[in-house]
Amino acid sequence: MKAIYIKIAVFVMFFTGILQMKLFGIAWENFRIIQALHIAVSIIVMLLLITPFIYGHIYKYSFVKKVKSPEGWVLLGSFLLLLCSGIYLFFIGNRGGDLFGTISFNTHLYGSFLLVLFFIYHTMKQQKPNLGFAMLLVLIVSLNPSSVYADTTKLSQMKVESKNGSFHSEDWTNSAKCKSCHSDIFAQWSDSNHKHIAGSNPYYMAMETLAGEAEGEEFRKWCMGCHNPSAITMGFGKTTHAMDGNFLSNDIFEKNAKALTDDFKTHGNFRLEEGVSCITCHQITKAEGSGNASYTISLDRKKYAFEDSTSKAGHYLSEKLINSNPQVHKESYSNPLYKESRYCASCHDEFHPKTDVKIVSTFKEWEKSPYNNPNDKSKHKTCIDCHMTNLENDKFAPLSGVSTDGGVVKKDVKVHYFAGSNHFLSGLKNKVHEEQTIQLLKTSAKLDVDIKDSKLVVGVTNVGAGHHLPTGVADFRELWLDVTITDKSGKVILSSGKLKSDGNIQDGSRFFQKVFGDENGKPVGLLFWKYKILLSDTRIASKERRVESYEIDKNVIYPLSVNVKLNFRIYPQWATDAVKTIYPNLPNPPVLELIKVTKEFQ
Amino acid sequence: MKKILFYALILAATVLSTILLIAFLMPKKIIPNYSDEKLRELALSKGLKPVPSSYEELLKLVDDVKNPMTPEKIALGSELFFDTNLSKNRKTSCATCHSFDKDIQNRGVLLSTLMAKNPEITNCAACHLRDQSGVDRFTFSEGDSGTQHPNMLNTQTILNTSFAKYFTWSGEVQSIQEQSANSFQAHYKMNLTPKEVEERIKENPKYAAHFDEVFKDGISFENTTKAIETYVKTLTTRSAYDRYLEGDNSAISHEAKRGLANFIGFGCKGCHNDISLGGQSIQRFPLREFAQVYDLKLNFEIFPELKRLDSEFPFENNGGYLGKKNEHLFRVPILRNVTKTSPYFHNGAVPKIREAVDVMARHQLGRHLTLSQIDEIVAFLQTLEGDLVDYGIKGEK
């Protein structure tokens with residue numbers, strides 16, 4: 001083999017290598033090709049060209065001609081070093097979790113300079129400089145102006161950024177694809193309420209259809225902006241649900257997003273993933289924080305070579321390419337914005353698209369709460385500090401672990417259970433989710449009980465939530481007091497907040513909730529968007545105490561035994577009954593006892 | 001040895017480059033960007049027509065001297081169509097599978113259903129009745145007492161069948177009247193003999209007068225199916241696509257117009273033609289032989305994907321149905337309202353519209369459509385989604 005080919009090969013490898021350095025900042029379109037080329041060429045060149053050459057070269061000069069060349073041996077050493085680090089980078093990668101990855105990356109990068117220096121010295125020593133080979137690299141840096149176009153109707157504030165103006169289901173990369181490297185996070189998300197927010201959520205499906213019926217099909221988009229953004233961008237007017245033969249698929253009990261992963265295996269990205277997927281949150285570039293899907297999502301992201309490939313080989317290679325140099329991948333899926341509350345506010349505030357009536361104001365409640373304290377970092381708590389932090393033994397216990405398989409061990413991995421208040425739907429799938437949510441709910445309130453002047457006084461304090469208790473679509477969330485007082489003989493002299501035989505709560509119970517009325521002052525029932533007049537508001541603002549008092553007959557015989565419970569139920573029985581008309585398999589949500597106080601009064 | 005290796009390599013390279021060359025030299029089908037007027041002209045010239053919006057226009061197209069349509073007959077047909085007594089277990093009517101509300105203006109059953117103590121409608125119908133799709137949304141049809149179709153066939157829409165020439169999946173049925181007679185008698189549908197049907201009709205005194213008014217010979221099985229036929233012929237839908245064909249350029253989106261151009265240009269309209277966009281002929285499916293063994297997808301991956309398909313269809317053939325005479329012959333389905341009638345194909349094996357478009361392009365046209373082309377065609381198909389036309393026929397007393 002002629003030495004000239006070796007020279008070309010070495011310099012091609014060197015240049016394609018260093019061009020990937022941040023210093024050069026070449027356009028992503030070129031980067032991804034060069035990166036793939038660098039690896040492909042290295043396999044061909046190293047195996048087929050350089051290895052036999054080196055063997056022959058050493059044999060000829062060192063053993064036959066007995067030429068002494070120390071720098072030649074150094075050259076061999078550095079070559080082997082680059083080879084090993086390269087192999088490590090390709091097969092295992094620089095994922096951040098092990099020191100070897102970082103070492104390999106740096107060895108590979110700086111070792112190449114060493115190798116080239118020695119290589120030039122080695123070749124120049126033997127002969128006059130022959131610069132007969134010249135490398136010509138033409139870099140086409142094409143900067144396409146990014147255009148933002150928004151299919152915003154007033155119904156959804158969502159904007160989509162796209163360079164070429166079109167996108168497909170492929171751009172909504174299926175979350176099952178993320179699973180292969182982010183298995184823990186995927187497992188958490190797969191049974192969470194974010195995953196099951198659209199087609200597999202019976203309450204949502206009933207409500208979206210109802211909204212379409214009551215306000216016109218177009219109105220579904222108001223719901224879909226947050227619940228099903230992928231379908232909206234693809235021009236679908238409604239959320240679909242899965243079928244199993246002639247039956248509704250049983251996905252309210254389905255664990256680990258089985259249908260989604262199966263779909264991905266057979267259809268790849270061709271079949272659109274509906275609901276809140278990895279991409280939905282991790283491709284948001286701007287958030288106005290004003291609710292009703294007021295975010296901008298960009299579907300143009302930097303993709304490594306073969307990333308969209310449908311073949312197994314391509315999929316394998318793309319993973320290797322990402323792992324070997326994951327910086328760009330990391331940057332294109334995370335954003336400092338994601339730690340701010342206004343990011344969550346894109347969807348966790350809700351107003352009527354035509355009348356502007358505020359329906360859900362979780363973010364605005366937080367803004368006014370003591371938790372919004374940007375001046376004092378120790379007191380400032382954003383959404384993720386409670387809702388994406390692991391809980392253990394009813395306390396926040398940041399989870400130490402990895403977000404990428406083999407990645408850096410983080411002290412506080414942001415868990416993707418998205419614990420809020422809906423312990424019920426996620427709990428049908430996974431007990432861990434249920435426990436996380438129940439623990440979070442229990443941190444939120446405190447109960448104090450006293451009897452004064454023949455009055456039972458119960459105080460409920462919102463000690464843990466950075467928003468009202470309850471929040472969300474607060475006329476669906478039931479938080480109420482269950483009170484029983486018995487006298488000396490054990491006779492019940494006061495009872496409140498018990499369930500009736502049909503599962504609804506007794507009339508006259510003390511609720512902490514807001515009650516929506518329509519324009520005529522009648523309760524809105526299921527049609528919460530009809531809300532015009534606030535009939536009552538007994539929610540408890542952050543850090544505030546609300547007092548309920550009950551009259552006790554003056555003639556009762558002490559001692560009194562008082563039993564007070566703060567109960568929570570995610571959906572009222574009448575709402576569940578309605579949804580069960582369509583989903584007969586849906587169980588009833590249980591009543592959750594958040595706090596219980598038993599006291600004797602003399 | 002070296003020589004053999006050399007020639008083998010040369011040969012391999014030649015074969016490979018020839019294959020690639022053919023792929024590259026194949027002329028790319030370029031669908032021009034038509035202006036709105038040009039596209040409309042093209043569509044109309046290819047036989048695509050809007051659904052008539054007036055009863056008189058409809059009569060001109062669908063009335064038949066053998067069974068003339070009169071308002072009274074249509075009203076009688078409507079009563080029979082929704083009568084659950086005309087099935088063995090008295091629970092199934094035509095409208096059970098070909099579902100929509102009798103009052104076509106009534107699009108609001110969900111709220112009343114959800115709030116009712118003992119709702120009449122449950123499950124799927126609560127949400128889907130208002131779709132006006134003319135199908136049951138099941139994967140395979142279920143008749144009287146939940147008997148499933150022996151071939152697990154999917155229910156086809158009854159809407160717009162007045163414009164079709166052939167009926168049912170095999171296309172062996174020539175008229176709606178014939179098919180309604182079949183449906184009454186099939187054990188997996190209404191499960192009644194003609195005599196039983198007549199008896200059931202006589203049970204209801206309302207019918208006697210109505211039949212006498214409409215037919216000279218009063219109640220009979222044949223007259224029953226005739227009345228049903230006239231009613232079914234009025235079940236047509238109009239959509240944004242019709243408004244576009246009639247001159248409203250803003251009725252459909254730019255993407256949908258591209259989809260229509262693709263639909264015509266790629267040749268979909270060859271079979272899905274006329275007013276109903278289907279139902280006019282019987283065709284073979286899958287058409288491309290290669291599809292039966294290998295689905296070779298030429299791509300520039302490291303290794304080309306080879307997928308072996310074991311079944312006769314590009315999907316699993318549950319129910320084992322093979323079309324007319326077991327020769328893969330099927331009536332071309334009507335595409336109007338196709339986005340409301342998932343799942344697709346004769347056994348409902350393909351749940352999503354984009355996948356159905358992809359299958360059709362591959363196996364009927366031999367084309368791998370690009371993602372944009374598929375999305376455009378789907379956008380066009382969405383414009384075929386329409387509401388039942390209220391022709392204001394007043395035949396009831």
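**Entry 1: a helix pair in chain B**

I began with the crossing of α2(B) and α13(B), and it is left-handed. I am working from a predicted model. I looked up the residue ranges next: α2 covers residues 36–45 of chain B and α13 covers residues 254–265 of chain B. Their axes lie 11 Å apart, and the packing angle is about 35°.

I then listed who touches whom. From α2(B) I noted B:Asp36, B:Leu39, B:Leu42 and B:Ala43. From α13(B) I noted B:Lys257, B:Leu260, B:Ala261 and B:Ile264. I sorted this contact by class and got six nonpolar residues, two charged ones and no polar ones.

**Entry 2: the other partner of α13(B)**

I stayed with α13(B) and turned to α16(B), residues 371–382. How do the axes of α13(B) and α16(B) cross? They come within 7 Å of each other, at roughly 105°. Angles of 65 to 115 degrees count as roughly perpendicular, so I logged α13(B) as roughly perpendicular to α16(B).

On the α13(B) side I wrote down B:Glu255, B:Ala256, B:Arg258, B:Gly259, B:Leu260, B:Asn262 and B:Phe263. On the α16(B) side I have B:Gln373, B:Glu376, B:Ile377, B:Ala379, B:Phe380 and B:Gln382. The class count here is six nonpolar, four polar and three charged.

**Entry 3: chain B as a whole**

I find 16 helices and six strands in chain B. Its C-alpha trace spans about 95 × 45 × 45 Å along the principal axes. Chain B has 397 residues, and 44% of them count as buried. I also checked contacts in chain B with a separation of 6 or more: 71% of these join residues 24 or more positions apart.

**Entry 4: the two domains of chain B**

I looked up the domain bounds. Domain 1 of chain B takes 26–51 + 237–388, and domain 2 takes 55–99 + 134–232. Their C-alpha centres are 29 Å apart. Domain 1 of chain B puts 25 residues into the contact, and domain 2 of chain B puts in 22.

Which strand gives the most to the domain 1 side of this contact in chain B? I found β5, residues 329–331, with three residues. By class, I counted eight nonpolar, 13 polar and four charged residues on that domain 1 side.

**Entry 5: domains of chain A**

I moved to chain A. I have three domains there: domain 1 (3–126), domain 2 (148–301 + 341–353) and domain 3 (444–601).

**Entry 6: chain A against chain B**

Last, I checked the interface. I count 22 residues of chain A in contact with 29 residues of chain B. On the chain A side, the elements giving two or more residues are α7 (202–215), α12 (312–324) and α19 (573–582). Which helix gives the largest share of that side? I found α7(A) again, with five residues. By class, the chain A side has eight nonpolar, eleven polar and three charged residues.

How values were computed. Residues numbered from 1 in each chain as written. Chains lettered and ligands numbered in written order. Predicted model: local features only at pLDDT ≥ 70, side-chain atom pairs only at ≥ 80, totals over all residues. Helix = DSSP H or I, 4+ residues; strand = E, 2+ residues; numbered from the N terminus. Buried ≥ 20, exposed ≤ 12 C-beta atoms within 10 Å, placed from the backbone. Contact = placed C-beta atoms within 7 Å. Axes fitted to C-alpha atoms, helices over the stretch in contact; angles between N-to-C directions. Left-handed = near helix turned anticlockwise from the far one by under 90°. Nonpolar A, V, L, I, M, F, W, Y, C, P; charged D, E, K, R; others polar. Domains from an automatic or database assignment. Parallel < 35°, antiparallel > 145°, perpendicular 65-115°, else oblique.
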